[in-house]
Amino acid sequence: MLKKRALFAIMSMLLAMPIFSYADANSSTSVAPIDNPIVLQRADPWLVRDDKTGCYTFIGTSPKFDEIELRQACRLNDLKLAEPKVIWQKNAKGPMSTNIWAPELHKVDGSWYIHFAAGDIEKPFSIRMYVLKNDSENPMQGNWQEMGQLKTHLDSFSLDATTFSHKGKRYLVWAQQNQPATYNSALWIAEMDSPTSIKQPIVAITEPTLDWEVQGYKVNEGAAVIIRNDKVLLTYSASATDHRYAMGLLWADADADLLDPASWHKKQQPIFASNEKVGRFGPGHSSFVKAEDGVTDLLIYHSRDYKELQGTPLTDPNRHARARIIKWDDQGFPILSNEKGD
């Protein structure tokens, strides 16, 4: 009863908050005002929009790190009210028995796949990447099968797999620690030969070397890809997952060889970071999706609305999923803050 009352109080507070409207400088279409946060207590948010119906399927990290759930709504602002469905729970023992992190949902060759990271209850931070598969038309229906580990060139800490198609090829980008363990994770890329496996060559495209990437931990992780303006644009997150967490940007020309590290360029400063004035702390681990108009690009990300953690970055559950319209500058790069810096 107390939990229901607390949830009702939170929802009442959110509904009483002002709804902010963002205008897209590069679109003549109108976009419904976004009622942030779009989902409470879900980090690493990933959103898929059905091109036929315009409806959304949401997936993110459960705050207890013990299960994977989906929820659906046809309006962005209804996702927080949608009934979640648990489609998979951690195993009692073995490689997928704890720390279920950063699930992503993708439809490939007519089937749904979820790439996620998990550890072994006996070695909780032996994090590796795994895959689930569902042949149903609707990912909320049908059966999800465990497809095993998505193996790479190294048997080391690895997570945050994302996949995208470009010019007839499907690629995987993920975060992984190098063999000498001189950092926590860099971003690597490889071509996929199936939705559950990759092939050589495997190359690193960014390592944590900049000052803002090594605050607390040396991290490049949480990649997401959007292809716009003759560029393959890749956002990523860096540093510890507290208020120092921030988002960076890599890009390659659309015609470049994506498996050549020299094709990738890196912004030297974060493109999205904490801003105390607007109550945004530790924004990161983004994804991209179209708004309800089917035209406007949205950034989906998580952040907290306070600086001092309630516990640790892993035990504080209040990384909420949020959305904002992406504006584009005259060079084809995303603008994630307006003139006031929010």
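Which residues lie nearest the centre of the second largest pocket? In this predicted model, they are Leu 47, Val 48, Arg 49, Asp 51 and Val 289, out of a lining of 33 residues.

**View A. Lining of the second largest pocket.** Two or more lining residues come from each of the strands S1 (43-49), S2 (56-61), S5 (98-108), S9 (158-166), S14 (220-228) and S18 (281-290). Strand S14 supplies the largest share, 5 residues.

**View B. The largest nonpolar core.** This core has 33 residues, and Ile 68, Leu 105, Ile 114 and Phe 116 make the most contacts inside it. Its largest share, 4 residues, is provided by strand S6 (residues 111-120). Apart from this core lies another of 28 residues, including Ala 117, Val 225, Tyr 236 and Trp 264.

**View C. Surroundings of Leu 105.** When residues up to four places away in sequence are not counted, Leu 105 touches Trp 46, Val 48, Thr 57, Ile 59, Leu 70, Trp 112, Tyr 113, Ile 114, Pro 139 and Trp 144.

**View D. The disulfide of Cys 55 and Cys 74.** The whole structure contains 1 disulfide. The sulfur atoms of Cys 55 and Cys 74 are 1.8 Å apart, and the link is right-handed, with 75° about the S-S bond. Cys 55 lies in the loop between S1 and S2, and Cys 74, 19 residues apart from it, in the loop between strand S3 (67-73) and strand S4 (85-89). Cys 55 counts as buried because its relative accessible area is 19%, under the 20% limit; Cys 74, at 47%, is partly exposed.

How values were computed
Residues are numbered from 1 along each chain as its sequence is written. This is a predicted model: local features need pLDDT of at least 70, side-chain atom pairs count only at pLDDT 80 or more; totals for chains, interfaces and linings use all residues. Side-chain values use heavy atoms; hydrogens and water are left out. On a 1 Å grid over the protein atoms alone, a cavity is a set of points where a 1.4 Å probe fits but cannot get out, and a pocket is an open set with protein on both sides within 12 Å along at least five of seven lines; lining residues have an atom within 4 Å of a point. A nonpolar core is a set of buried Ala, Val, Leu, Ile, Met, Phe, Trp, Tyr and Cys residues joined through side-chain atoms within 4.5 Å. Buried means under 20% relative accessible area, exposed over 50%, partly exposed in between (1.4 Å probe, protein chains only). Contact means heavy atoms within 4.5 Å. A disulfide is a pair of cysteine sulfur atoms within 2.5 Å.
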